Structures are given as C-alpha cells and as structure tokens.
Amino acid sequence: MKPAKFEYHTPASVDEALAILGRYDGEARVLAGGQSLVPMMNFRLAMPRAIVDLNRIAELAYIGGDGDVVRIGSMTRQRRLEFEPLVAAKLPLLRQALRWVGHLPTRSRGTIGGSIAHADPSAEIPMVLQALEGEIVARGPQGERRIAAQDLFHAALTTSLAPLEIITEVRLPAMPPRTAYAVEEFARRKGDFAIAAVAVMLVRDGERCTKARLATAGVAPASIRLRDAEAVLEQKGLSEAAITEAADKAMTEVDPVSDLNGSAEYRRHLTGVLTRRAVLKAIAPAT
Amino acid sequence: MSEVREVRLTVNGKSYQGRCEPRKLLVDFVREDLGLTGTHIGCEHGICGACTILFNGEAARSCLMFAVQAQGAELVTVEGLAKGDELHPLQQAFHEHHALQCGFCTPGMLIAALDFLATNPAPTEDEIREGISSVLCRCTGYVNIVKAVAAAAETMRAANAPKLGA
C-alpha cells in the first residue's frame, strides 16, 4: 500500500522542529530514519497529518565523549555507530548489539534516537540503553530534561516522552576497560525481529562480580532489566551454580507474549538459555 | 490537499528532476517519474530488499524513504552498475554462477552485495550469507548467489590490488 497524504516539513533546527510540532497539537509525527515509521505509514497503521523530518538537522548527528560518558546525537545513523572507533573502544556492547539491528541497508538510515523513541519490544538499542544504564536528553515546549533508561520504557511502543518532545541526545556511560560483555539473540533470520535477546555487562574483581547488568529484548512489553538475575551474580559470583541460578531467575522475571514466532513459554525458556549463554560468552577467555 | 514538491537529485551520475507529492515513495518516484524501472518493488515495508539502492553511497531501502527526502541526494540503481556493454564484476559473477532465476530480487541483491563488499572486501561464506540476508530470494535457495558474491569479491579485490612493480 501507499501512505496517506501528509504535510511535509524539513526544519533546520530542533527549535524549528518543536515549533512546527506544536502547531499540529499532537497530530504530527517526527520522522527520523523511517525504518519503522514509514512501513507503518505504508500500511496506513500510521496516518499523521504532518511529518516533521529531522534528517536535515545537522546538529543532531554526532558522536562525542568527555571521558566517562559517550554522547551521541539522536539522529546519528546506526551504521555510523557500527563503524565508529569511539564506540568500539568505549561501548563494545553497543557495537556488538548493532550487528543484530536490522540489516546493513536499514542501519544506513536507522538512527539511535529513532529506535529508542519507537520502543519496539524486540529492539536491541533500548536493551543496550538499559544494560548500560544510559539516559536520553529530550527537548520539548517546557525545555530540556534527562530521562534515565529505567524510567523511559513503559510498554510496547510506549515511552515516557511527552507528545511534543524530541530526543536530542543519547548518553551512555563508557564501559570501564576489561568489562565483560555479550549479546545473545535468537531470531529466525539475522536481522529479523528478536524472538528473545539478552545483553550482559559484568565488572569483575577477581572471583567476584562487583556489578552485573542484564537486559532483555523480545520477552516483555518493553526492554527490562533482569534485576533478580543481576543480584544473584553480584552476591554469588560467576560460578557454574550461580550462573545457572541467575538464568533460572531470569526466566521468572520476564513477561513474554505468544505470537506467530513463538509461544510465551518458548520465549521464557529462551530467556534462560540466552542469559546463560551471554554470561558464559562474556566471561570466556579471549580467543 | 497536499502540495506538490520539486525534487532534484542525481541518479547514476546523471541529474534528474521531477515533481511529486511528499507521500510518494522514493522507489515509485525512481520507477514512475524517472523511468528507471530496474529497481523493483516487492513488499513495500522494508522486508524483502528488492528496492535496495545506494543512497549517498550506502545501501538503503527505497520503499522506506519519501522521494522528497532525496532532494540533492546521489543515488545508484542497478542501471548504474554496468559500463556500457561491460557488466559490473558482480553482474558478471551472477551471470556465470547462475545466481538468478526469475530475477525479481536481483537488482536489490546486486546493490546490497555491492555495499556489503565495500564494507567487507574479503568475506567468509558465513559473512556473505549474513551480508545478503537483507534481500529475500524465492527461487535460487541462495547457494549460487553466495558463490557469485564470493567470486565477485575475488575479482574486485584483484582489480583493486596494487600492481607488482608499480
């Protein structure tokens, strides 16, 4: 099918974009990379009165860092992040997860901010934002505010962003050197929506695990942290028994749905399997 | 009533201009307004990859963009691959390895493979399979496409390698 008619705007700045959005009183949609919104418009699942295209706003595409935090403009393409040395050095978990985000031709257009704002339950970038405890910067009529990952994702395709707010920046804490990390995902075809995925970040001190962060995709209405599993690893370390217990906990924390790609029980099972695999992969000696 | 916009862009090195509504998909603009029907349109929601083109040098789904977004852009479509009668190494390899049957996915497959080889000039078989996974083919079973991309990669590497004694 073809999209319904809409009025088209190409603001050159965030201020201009916000002014245009305000004029439509919630009936306009922001267009970032378009890899989710345009299919919805082609199917006429979305029929916005106007499109505010952010693709001409140069100030929203950048990657920068001042030591502990990597700052990424919301319109930065996923593909640029995939090949960016700063991401490889400071956010290797994000880099690994990006290989699971759609395909190279969709990553050419898809943006980090668009993926977060869309909040697909199976999307990998929200999962990374959760695992790394990142935050976003949003601007709206009332000015600028920061929203932590744990306060952002409410339900499928639903965030705590206000209708007239735009994500301008994504802030991810740089991963300390020697942080163990891994992404494990199961999908029918690489690049398809995740049936289940788990991202793991572990900070170790000898035999102990001083910090464990585990987050999911595909197994709850929105990406969630596996806090019980994290607690097991932080209290009991990374022994075989502790990893098994954490994986069992993970299965009880998720809230999956059944659909064509898998039943809720299957997704729950996969959560345990992928949690275990991700932790083992993260702590495996480098080859 | 939606206004009509003018779109100026470059396709395969040649300047074009046309007029369309903002809702017109880039793939429809390329096919209907510019008359370049080599790019195919399949699913219209970003899954099949038949409409893959190079947008400012990078592969992208032309069914997931509006033509107005291509204002000032440089596109490469399948028509831009051959030089006159001389096929592009990828096209030659697809021909030699019987990597197409009905040919519907082929324009997208060639462009996706071109972009993939630009990012990974010496891929393993697994990497090729992942690289072309963005385009669906219902005829070949992919085996011959994988062979063709591997062969083209070798040809393109040899063509780009510094000559001995140069």
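From the N terminus on, the elements of chain B follow the order β-β-α-β-β-β-α-α-α-α. That order comprises 5 helices and 5 strands. The model is predicted, and the predictor assigns the complex an ipTM of 0.95 and a pTM of 0.96. Chain B touches chain A through 26 residues, which meet 26 residues of chain A.

**Chain B: overall form**

- The radius of gyration of chain B is 17 Å, which agrees with the value near 15 Å that a compact globule of 166 residues would have.
- Taken along the principal axes, the C-alpha atoms of chain B fill a box of roughly 60 × 40 × 25 Å.
- Buried residues account for 44% of the 166 residues in chain B.
- Of the contacts in chain B between residues at least 6 apart in sequence, 56% link residues at least 24 apart.
- Chain B has a mean pLDDT of 96, and 96% of its residues reach 70 or more.

**Chain B: domains**

- Chain B is divided into domain 1, residues 5-80, and domain 2, residues 89-160.
- The C-alpha centres of domain 1 of chain B and domain 2 of chain B are 22 Å apart.
- In the contact between these domains, domain 1 of chain B takes part with 13 residues and domain 2 of chain B with 11 residues.
- On the side of domain 1 of chain B that touches domain 2 of chain B, E3 and E4 of chain B each supply at least two residues.
- E3(B) gives the most to that side of domain 1 of chain B, with 3 residues.
- By class, this side of domain 1 of chain B consists of 7 nonpolar, 5 polar and 1 charged residues.

**Contact between the chains**

- The contact between the chains involves 26 residues of chain B and 26 residues of chain A.
- Strand E3 (52-55), strand E4 (58-61) and helix H3 (106-119) of chain B each provide at least two residues of the side of chain B that touches chain A.
- The residues on that side of chain B divide into 10 nonpolar, 9 polar and 7 charged.
- Strands E3 and E4 of chain B supply residues to the side that touches chain A, and they also supply residues to the side of domain 1 of chain B that touches domain 2 of chain B.

**Chain A: overall form**

- Chain A contains 12 helices and 13 strands.
- A compact globule of 287 residues would have a radius of gyration near 19 Å, and chain A agrees with this at 19 Å.
- The C-alpha trace of chain A spans about 60 × 45 × 35 Å along its principal axes.
- Among the 287 residues of chain A, 50% count as buried.
- Of the contacts in chain A with a separation of 6 or more, 63% are between residues 24 or more positions apart.

**Chain A: domains**

- Chain A is divided into domain 1 (7-56), domain 2 (60-173) and domain 3 (180-283).
- A distance of 19 Å lies between the C-alpha centres of domain 1 of chain A and domain 2 of chain A.
- Their contact draws 13 residues from domain 1 of chain A and 19 residues from domain 2 of chain A.
- Helix H1 of chain A, residues 14-23, gives the most to the side of domain 1 of chain A that touches domain 2 of chain A, with 5 residues.
- That side of domain 1 of chain A has 7 nonpolar and 6 polar residues, and no charged residues.

Conventions:
Residues numbered from 1 in each chain as written. Chains lettered and ligands numbered in written order. Predicted model: local features only at pLDDT ≥ 70, side-chain atom pairs only at ≥ 80, totals over all residues. Contact = placed C-beta atoms within 7 Å. Helix = DSSP H or I, 4+ residues; strand = E, 2+ residues; numbered from the N terminus. Nonpolar A, V, L, I, M, F, W, Y, C, P; charged D, E, K, R; others polar. Domains from an automatic or database assignment. Rg over C-alpha atoms; globule rule 2.2 N^0.38 Å. Buried ≥ 20, exposed ≤ 12 C-beta atoms within 10 Å, placed from the backbone. pLDDT = per-residue confidence, 0-100.
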